Amino acid sequence: MKNYEVVVIGGGLAGLTAAIHLGMTKKKVLVIEKNNYPSHKVCGEYVSVEVLPYLNKLGIELSDAAEIKKLQLSTVAGRLLSAELPLGGIGISRYALDFRFYNRAIQAGVEFIFDTVTEIAFSDNCFKINTQLGRQVSSPIAIGAFGKRSSLDKLLKRPHFDRPAPWLGVKTHIRFNKHPVNTVGVHAFRGGYGGVSKTESGIVNFCYLAHYNEFKKFGNIDDFNSEVVCENPFLSELLTKGEPLFSKPLSIAQISFENKKAVEHHILMCGDAAGLIHPLCGNGMAMAIHSGKIAATLICRYLEEPSFSRANLEKEYRIAWKSQFSGRLWWGRKLQSLLLNPSLSNSLFHLFSSSRRLTTSVIRKTHGKTLEAL
Ligand SMILES: Cc1cc2nc3c(=O)[nH]c(=O)nc-3n(C[C@H](O)[C@H](O)[C@H](O)COP(=O)(O)OP(=O)(O)OC[C@H]3O[C@@H](n4cnc5c(N)ncnc54)[C@H](O)[C@@H]3O)c2cc1C
């Protein structure tokens, strides 16, 4: 059985960030990822700029990404609010972004196995990890970066797995020249909302979140789009005048925003495996990257300082996770419930339209401070 200093389960942005960071500090790291790179993922593809200085230090090239400085928010009826984004963001496809992280991880000496993890056991200060194809590896440290919903949540008997997960995510790329410059649009429809922004190639990414109660009345994406999504005039224009570039949209079901624990069974959970923020905030990727950084920094201490015990590592990670992300998750939940409640969203729009400072301050609540370098 091959032994590593750290095994990362899941090679999305959280897992790859931790792996690159650890690889750059010469740790022996393995990432086990079930899918190959590059591939498309359901995501709004808006990355908050707070993580850019850190990504620069990690050596991730992003100069071609679309610059995003403005927000357009619309109600189902098409009432529009425009605001400058206090921090701003970049637009880049997950197809390109995850692949760049992967290539950088390889350069940093990280090893990869493309397989599905099916078992994790911890005893005598060591994890033993098995995969579907019968590989077995061991390591004193395991990072759980397996995303918002994985068979591993069930295996580890994580409580959120049995709770309702009533959201559906749908994404497609569209050629649409009328999308306003440097802008991310967040447009509501009955039971959901969609994000619209440009990616590095100039193509528009359209990604939405819909509550299953509304979606199940139609049962298929085409009918749902034309009957519900297109009630919003901005989305109607995008879907009727734009040219879809995927043969059919990508979708994922059973999305939940339930609270999760940052450490379970001694595994440090990173990214969505520790908690998913409402996509409305445009901050899930930044949080995934940030949590990967926190985990990697503390793991370096654990591996290098004999007095920094496993108990210290887990405690410090829990504390850091809570102080960085709990408040943002809370604000994300509140904002999403306001946006999806038609009468409240009208009052909200009235309030936000009358005060730029309020809008800016609420946006800031869902984001973190700029992440410093390594
Ligand atoms: C509809 C929607 C829109 C969004 N829009 C935005 C946005 O615009 N901006 C933003 O910042 N965030 C957005 N997010 C959130 C963002 O996509 C996530 O927060 C981010 O991708 C989390 O990264 P991650 O690494 O934790 O998970 P992921 O990127 O999901 O990676 C997890 C990885 O684990 C792998 N895996 C799972 N199980 C196993 C296993 N058993 N063995 C091996 N590998 C496994 C998976 O294949 C996957 O590659 C959106 C989310 C949704 C649902």
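**Helix pairs, open sheets and a cavity**

Me: At roughly what angle do the axes of helix α8 (residues 284–304) and helix α9 (residues 310–340) cross?
Reply: The axes of α8 and α9 come within 10 Å. This is a predicted model, where local features need pLDDT of at least 70, side-chain atom pairs count only at pLDDT 80 or more, and totals for chains, interfaces and linings use all residues. Residues are numbered from 1 along each chain as its sequence is written, and side-chain values use heavy atoms, leaving out hydrogens and water. With axes fitted to C-alpha atoms over the stretch in contact, and angles from 0 to 180 degrees between N-to-C directions, α8 and α9 cross at roughly 160°.

Me: Is α8 roughly parallel or antiparallel to α9?
Reply: The axes cross at roughly 160°. Angles under 35 degrees count as roughly parallel and over 145 as roughly antiparallel. The angle therefore makes α8, relative to α9, roughly antiparallel.

Me: Now for α1 and α3: is their crossing left-handed or right-handed?
Reply: Helix α1 (residues 13–24) packs against helix α3 (residues 94–107) at about 25°, their axes 9 Å apart. That angle makes α1 roughly parallel to α3. A left-handed crossing has the near helix turned anticlockwise from the far one by less than a right angle, and the crossing of α1 and α3 is left-handed.

Me: Which residue of β19 stands opposite Val263?
Reply: β18 and β19 (residues 267–269) run antiparallel, joined by two bridges. In this pair, the residue opposite Val263 is Leu268.

Me: And in the sheet β1-β10-β9-β8, which residue of β9 faces Phe122?
Reply: Four strands make up this open sheet, with β1 (2–3) and β8 (117–123) at its edges. β8 pairs with β9 (residues 126–131) in the antiparallel sense over six bridges. Opposite Phe122 stands Phe127.

Me: About how much space lies in the second largest cavity?
Reply: A cavity is a set of points on a 1 Å grid where a 1.4 Å probe fits but cannot get out. The lining here, meaning residues with an atom within 4 Å of a point, includes Lys148, His160 and Gln254. Taken as the space filled by probe spheres set on the points, the volume is about 30 Å³.

Note on methods. On a 1 Å grid over the protein atoms alone, a cavity is a set of points where a 1.4 Å probe fits but cannot get out, and a pocket is an open set with protein on both sides within 12 Å along at least five of seven lines; lining residues have an atom within 4 Å of a point. Two strands pair if DSSP finds at least two bridges between them. Angles under 35 degrees count as roughly parallel, over 145 as roughly antiparallel, 65 to 115 as roughly perpendicular and the rest as oblique.
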